[in-house]
Amino acid sequence: MEEINNIEVVPCTESNYLTPFRVHYNQNGTKKSWDFMRTHDSVSVLIFNTSSHCFVLVKQFRPAVYMCEWEKAKTQPPKAAEKTEEGAAEAAAPESQESQSASEGESSSQWPPASAGVTYELCAGLVDKPNLPLEEIARQEVLEECGYDVPASKLKRITSYRSGVGVTGAKQTMFYAEVSDENCVGAGGGEPREGELIEVVKVPLHEAMTFAYDERIPKTMGVIFSFIWFHNNMSPKYKISTNV
């Protein structure tokens, strides 16, 4: 998962996942404009394994996160020392080639490690099958990403909310699913044909809130919110501690 190379950043002129737009409008008599992306809505699932008392998350490389880290970490290459007038013309050609090679090598060395783009997330997926109910889409994602076969009827709807309201405004619906070791029918890992490379990660219940608030662990807001939801709604029922 963490072997990333041959990185190339190019303009995005066509995509199956997002489309950029600019909207012009008047608000209280003031003319305004806003850039936004049209994207798919999505589902996410908080999975709790009742056999091992642990949460089941997914871990994967996110290029958008990686590029944000690169933007923060990159530095301007040092300027080449000024040449003296004597022999400048004679040395110009070979020095230019050497400078170009050094610049390329320097640029490559500036890329952060692949781990900078790896995040912990809830099992999730796009709502790109209009004929299927959200519960069925969520069920399929749990099977593909985490390897658990759970009936759609067993998924509990937690809530829905808007994500990325400044850029996309897409809606995500969150579900809760209880599984056991008996429900595990595969290794998960996502759908390779869709470019997914996912590692299934288990977080013990007693470490959940420590995990949620540890800023050194890159994670989505969905993980933090769902762990808090579980602590408030499910822990009292099962009389179990989430170490808060």
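Helices (H or I, at least four residues) and strands (E, at least two) are DSSP runs, numbered from the N terminus. The protein chain has six helices and nine strands. This is a predicted model, in which local features need pLDDT of at least 70 and side-chain atom pairs count only at pLDDT 80 or more, while totals for chains, interfaces and linings use all residues. Residues are numbered from 1 along each chain as its sequence is written, and side-chain values use heavy atoms, with hydrogens and water left out.

Burial was computed for the protein chain. Of its 244 residues, 32% are buried. Buried means under 20% relative accessible area, exposed means over 50%, and partly exposed lies in between (1.4 Å probe, protein chains only). The accessible surface of the protein chain comes to about 15800 Å². Carbon and sulfur atoms hold 51% of that surface. These areas come from the Shrake-Rupley method with a 1.4 Å probe; for residues, only the protein chains shown count as cover. Contacts were also counted (heavy atoms within 4.5 Å). Among contacts in the protein chain with a separation of 6 or more, 68% join residues 24 or more positions apart.

The largest pocket holds about 2000 Å³ of space. It is lined by 45 residues, and those closest to its centre are Tyr17, Gln60, Arg62, Glu121 and Leu126. A pocket is an open set of points on a 1 Å grid over the protein atoms alone, where a 1.4 Å probe fits, with protein on both sides within 12 Å along at least five of seven lines; lining residues have an atom within 4 Å of a point. Grid points are joined across faces, edges and corners, and the volume is the space filled by probe spheres set on them. The lining of the largest pocket has 19 nonpolar, 15 polar and 11 charged residues. Here Ala, Val, Leu, Ile, Met, Phe, Trp, Tyr, Cys and Pro count as nonpolar, Asp, Glu, Lys and Arg as charged, and the others, Gly among them, as polar.

The structure holds seven salt bridges. Each is a side-chain nitrogen of Lys or Arg within 4 Å of a carboxyl oxygen of Asp or Glu. One of the seven pairs Glu69 with Lys72, with the closest N and O atoms 3.1 Å apart. Both residues lie in helix α1 (residues 63–73), three residues apart, about one turn of the helix. Glu69 is partly exposed at 30% relative accessibility, whereas Lys72 is exposed at 63%.

Arg139 takes part in two further pairings. Its salt bridge with Glu136 has closest N and O atoms 3.0 Å apart. Glu136 and Arg139 are three residues apart in helix α3 (residues 134–146), so about one helical turn separates them. Arg139 also meets Asp149 in a salt bridge (3.4 Å, N to O). This pair links distant parts of the chain: Asp149 is in the loop between α3 and β7 (156–163), 10 residues from Arg139 in helix α3. Asp149 is partly exposed at 36% relative accessibility. Shared partners join Glu136, Arg139 and Asp149 into one network.

Ala152 lies in the loop between α3 and β7 and is partly exposed at 22% relative accessibility. Beyond its neighbours within four places in sequence, Ala152 contacts Glu135, Glu136 and Arg139. Ala152 and Glu136 are 16 residues apart in sequence, but 5.5 Å apart in space, C-alpha to C-alpha.

Backbone angles complete the account. Asn28 is not a glycine, yet has a positive phi of about 55°. Asn28 sits in the loop between β1 (18–27) and β2 (30–39) and is exposed at 80% relative accessibility.
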